Amino acid sequence: MTSVSESSKQSLLPNFLYSSPAFFAVDRPLNANNPALGASRFTTLESPAASSSSSIKSRTFMIPAPNEPGKRIEMYSPQFYAACTFGGILSCGLTHMTVTPLDLVKCNMQIDPAKYKSISSGFGVLLKEQGFRGFFRGWVPTLLGYSAQGACKFGFYEFFKKYYSDLAGPEYFAKYKTLIYLAGSASAEVIADVALCPFEAVKVRVQTQPGFARGMSDGFPKFIKSEGAAGLYKGIVPLWGRQIPYTMMKFASFETIVEMIYKYGIPTPKDQCSKSLQLGVSFAGGYVAGVFCAIVSHPADNLVSFLNNAKGATVGDAVKKLGLWGLFTRGLPLRIVMIGTLTGAQWGIYDAFKVFVGLPTTGGVAPAAGTQPAKA
């Protein structure tokens, strides 16, 4: 064990000794004491101070370079799920807030098609009536709500995917992995929508009823006063109807698309691809998955907008007013553009954060079901 005086000597060593990412052994090779350690990781240094001091020469100590990577996050550990949760906050909260103008026009096209007849005219009406600042009305409940949703969506998806994979075992996971992705994403979204629903209710009311409120701070208490606390969850069933199919499609199709890209489109195995290429695959897979998501979940999206805008309205009222064709098509082109871009960006941000903390990107390699957690 190194003495205090020897520790002070370490701190006085010249800076050039820290230029290499390897470890350095002073006076004699460390692998002489421990043959299990490879000699390639160490360099023997002849120190003038060491040659003049037998007490120092008789001892060995290591100097780790400052850029030596620290301990990585262990897969499927609490730290892993915490990282995935935080990555979900970044990916969903930031992206949904960024596309607030598109979401605003889309919601108004669903509620008042006579006034907001198309995407271009919808932007023109908003600009004329509310000015440029009107495009970002409702951005606070959007940011808070979808941050909460993203935390639960991605964090619980990773948890349920591993949980169901372990229940199935390696053989059945290989056979039915798509079903496991669907079950894991559906389970996660049930929880995520409970976190999102109150914010979504306030957001829609703020965006579609000019003069109702400026934003979250005054809109939230005003909504409760008008509808009661239970009114915040009036749209939970249509929200589940919109978000659960959306998320099942989002995760299962993403996993399948990414696996196919690595299998058929890229000749190099995933673990040998550069991180920038892997993140590009994540964005591309996310964008294509987003197009499918928009189509599957659009009827329920129209219902959510209608119910949160009209006090006392029912699903039957919505179907009667919008019609079946309107439920499936009203605002769909804009939502395809919005959700495709949104989903691609979400997977890009989520996987970029995972890479930042030392984790692998999502998809392309099946999780090791029924095994002990492995290092990232």
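Reader: How many aromatic pairs does the structure hold?
Author: The model is a predicted one. A pair of aromatic rings is described by the distance of the centres and the angle of the planes. For this structure the count of aromatic pairs is 23.

Reader: Is the pair of Phe 154 and Tyr 350 stacked, tilted or edge-to-face?
Author: The ring centres of Phe 154 and Tyr 350 are 4.3 Å apart, and the angle between their planes is 35 degrees. Stacked pairs need planes under 30 degrees apart, and edge-to-face pairs need over 60. The pair of Phe 154 and Tyr 350 is therefore tilted.

Reader: How many residues apart are Phe 154 and Tyr 350, and which helices hold them?
Author: This pair links distant parts of the chain. Phe 154 belongs to helix 7 (residues 139-208) and Tyr 350 to helix 12 (residues 332-356). Both residues are buried.

Reader: Why does the pair of Trp 347 and Tyr 350 count as edge-to-face?
Author: Trp 347 and Tyr 350 both lie in helix 12, three residues apart, or about one turn of the helix. Both are buried. Their ring centres are 5.9 Å apart, and edge-to-face is the class because the planes stand at 75 degrees.

Reader: Is Tyr 76 buried or exposed?
Author: A residue is buried when its relative accessible area is under 20%. The relative accessible area of Tyr 76 is 18%, so Tyr 76 counts as buried.

Reader: What is the phi of Tyr 76?
Author: Most residues other than glycine have a negative phi. Tyr 76 is not a glycine, yet its phi is positive. The value is about 65 degrees.

Reader: Over which ring does the charged end of Arg 205 sit?
Author: Arg 205 is placed in helix 7. At 3% relative accessibility, Arg 205 counts as buried. Its C-alpha atom is separated by 8.9 Å from that of Gly 138, 67 residues apart along the chain. The charged end of Arg 205 is 5.5 Å from the centre of the ring over which it sits, that of Phe 212.

Reader: Are helix 5 and helix 6 roughly parallel or roughly perpendicular?
Author: The axes of helix 5 (residues 100-111) and helix 6 (residues 119-130) come within 10 Å and cross at roughly 105 degrees. Angles of 65 to 115 degrees count as roughly perpendicular. Helix 5 and helix 6 are therefore roughly perpendicular.

Reader: How many nonpolar, polar and charged residues are in the contact of helix 5 with helix 6?
Author: Helix 5 contributes Pro 101, Leu 102, Leu 104, Val 105 and Met 109. Helix 6 contributes Ile 119, Gly 122, Phe 123 and Leu 126. By class, the contact has eight nonpolar, one polar and no charged residues.

Reader: Which residues does Gly 344 touch, not counting residues up to four places away in sequence?
Author: Gly 344 is found in helix 12 and is buried, with a relative accessible area of 0%. The C-alpha atoms of Gly 344 and Phe 254 are separated by 9.6 Å, although the two are 90 residues apart along the chain. The residues that Gly 344 touches are Phe 283, Gly 286 and Tyr 287.

Reader: Leaving aside neighbours within four places in sequence, with which residues is Gly 363 in contact?
Author: Gly 363 lies in the segment after helix 12, and at 6% relative accessibility it counts as buried. Its C-alpha atom and that of Lys 270, 93 residues apart along the chain, are separated by 9.6 Å. The contacts of Gly 363 are Glu 255, Val 258 and Lys 270.

Reader: What percentage of the residues in the chain is buried?
Author: The secondary structure of the chain comes to twelve helices and three strands. Of contacts between residues at least 6 apart in sequence, 76% join residues at least 24 apart. Of the 376 residues in the chain, the buried ones make up 46%.

Conventions. Residues numbered from 1 in each chain as written. Predicted model: local features only at pLDDT ≥ 70, side-chain atom pairs only at ≥ 80, totals over all residues. Heavy atoms only, no water. Phe/Tyr/Trp six-rings, centres within 6.5 Å; stacked < 30°, edge-to-face > 60°. Helix = DSSP H or I, 4+ residues; strand = E, 2+ residues; numbered from the N terminus. Buried < 20%, exposed > 50% of the residue type's maximum accessible area, 1.4 Å probe, protein only. Lys NZ or Arg CZ within 6 Å of the ring centre and 35° of its normal. Axes fitted to C-alpha atoms, helices over the stretch in contact; angles between N-to-C directions. Parallel < 35°, antiparallel > 145°, perpendicular 65-115°, else oblique. Contact = heavy atoms within 4.5 Å. Nonpolar A, V, L, I, M, F, W, Y, C, P; charged D, E, K, R; others polar.
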